[in-house]
Amino acid sequence: MHITRLSAVLALGALALGAQTARAESPTVVELFTSQGCYSCPPAERFLGELAGREGILALEFHVDYWDNLVYGSAGKWKDPFSSPAFTARQRDYNVTIRKRTGVYTPQMVVDGKFEVVGSREGAVESTIEDAKARGGRRVKVAAVPAGQGLKVSLKDGPDRPGGIWLVSFIRQATTRVPRGENHGKVLVNHNIVTDMRRIGDWKGKDTTIDVAPVRNDRERGCAVIVQAGEAGPILGAAPCRTAAAS
C-alpha cells in the first residue's frame, strides 16, 4: 500500500516537472496572415483563437492590406481597421523565402518562420506544428519580465546563429461588425491582432539583456518577444511577456 502511494506521488512529481520543463521551452510561433475583407478567412481566424489558448504556442494574427481596395459588387469594399502594408511586406518576404514565389494568399499560416500552410486546413496546420516541433533544434531561451516601469528581456543559450530581437505588441481580442465587402453582415472575432513589431536588439549567440520602455501587457493588450534570423527567416526563439503577478 505504501509502495503504491509512493509510486503515485513520484508519478505526479514527474508530471509536474515535465509540465514545468514544457513551459520553460520556447513556444512554437504560428502567424496567421488574414484580412477582414477575405470571405474564406473567418474559419482560420477562429482556429487561431483556439491555438492562442494552447500551452507551448505563440499565436499571432497579421492583417494584410491588399484586400482593402477590393470592390465586392453592390457590397462595396471594406478597409480592414487592423491592416498594415508592413504586414503585407512580411508575408511577401516569407513567401519568397519559403515558397520561392512573390505571390501571396489568405488565409495563410506560417509556422516558426519555416513552414507555410492554408490557415483554414486545421489538420494540415496541426501536422505542420508537430513537424516544426520535431525539427525545431536548439532554441534561444527567451524571457520577458516586468522591471521597474518597463520590461527586461533576457536571452540565454541558443544556436550560434545571428538574428534580430523583435518586440511584438498585439490586441488580445476584438469584435468587429463588418458592413461592407465580402464579409458584409458578419460579426468577426479576431485574436492576438498584431499592431506593432519593432526591432529592439540583435542576437549574436551570447547571453543578452535588454531594457525596454513601458509596453502594455494586461487583459486587453499583450506583447511577446521573437528572435528571428533575417527579416523573415526561421524563428530562433520566442516568449510571451509575463505579467508582474507571474514573474
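**Close-up views of salt bridges and nonpolar cores**

**View 1. Asp 202 is partly exposed, with a relative accessible area of 42%.** (Partly exposed lies between buried, under 20%, and exposed, over 50%; 1.4 Å probe, protein chains only.) The model is predicted: local features need pLDDT of at least 70, side-chain atom pairs count only at pLDDT 80 or more, and totals for chains, interfaces and linings use all residues. Residues are numbered from 1 along each chain as its sequence is written, and side-chain values use heavy atoms, without hydrogens or water. Arg 199 is also partly exposed, at 41% relative accessible area. The side chains of Asp 202 and Arg 199 meet in a salt bridge, 2.7 Å from N to O. (A salt bridge puts a side-chain nitrogen of Lys or Arg within 4 Å of a carboxyl oxygen of Asp or Glu.) Glu 231 joins Arg 199 and Asp 202 in a network of salt bridges. The structure holds 14 salt bridges in all.

**View 2. Glu 31 forms a salt bridge with Arg 90.** The closest N and O atoms of Glu 31 and Arg 90 are 2.9 Å apart. This pair links distant parts of the chain. Glu 31 sits in strand S1, and Arg 90 sits in helix H3, 59 residues apart. (Helices, H or I of at least four residues, and strands, E of at least two, are DSSP runs numbered from the N terminus.) Both Glu 31 and Arg 90 are buried.

**View 3. Asp 112 forms a salt bridge with Arg 139.** Their closest N and O atoms lie 3.2 Å apart. Asp 112 is in the loop between strand S3 (108-111) and strand S4 (115-118), and Arg 139 is in the loop between helix H4 (122-134) and strand S5 (141-147), so the pair ties together parts 27 residues apart in sequence. Asp 112 and Arg 139 are both buried.

**View 4. The largest nonpolar core has 22 residues.** (Such a core is a set of buried Ala, Val, Leu, Ile, Met, Phe, Trp, Tyr and Cys joined through side-chain atoms within 4.5 Å.) Leu 58, Leu 60, Phe 62 and Ile 226 touch the most other members. Strands S1 (28-34), S2 (57-63), S7 (163-178), S8 (186-203), S10 (221-228) and S11 (235-240), and helix H3 (85-98), each supply at least two residues. A second, separate core of 19 residues includes Ala 144, Ile 200, Cys 223 and Val 227.

**View 5. What is Leu 58 in contact with, leaving aside its neighbours within four places in sequence?** (Contact means heavy atoms within 4.5 Å.) Pro 27, Thr 28, Val 29 and Val 30 are among its partners. Ala 224, Ile 226 and Ala 238 complete the list.
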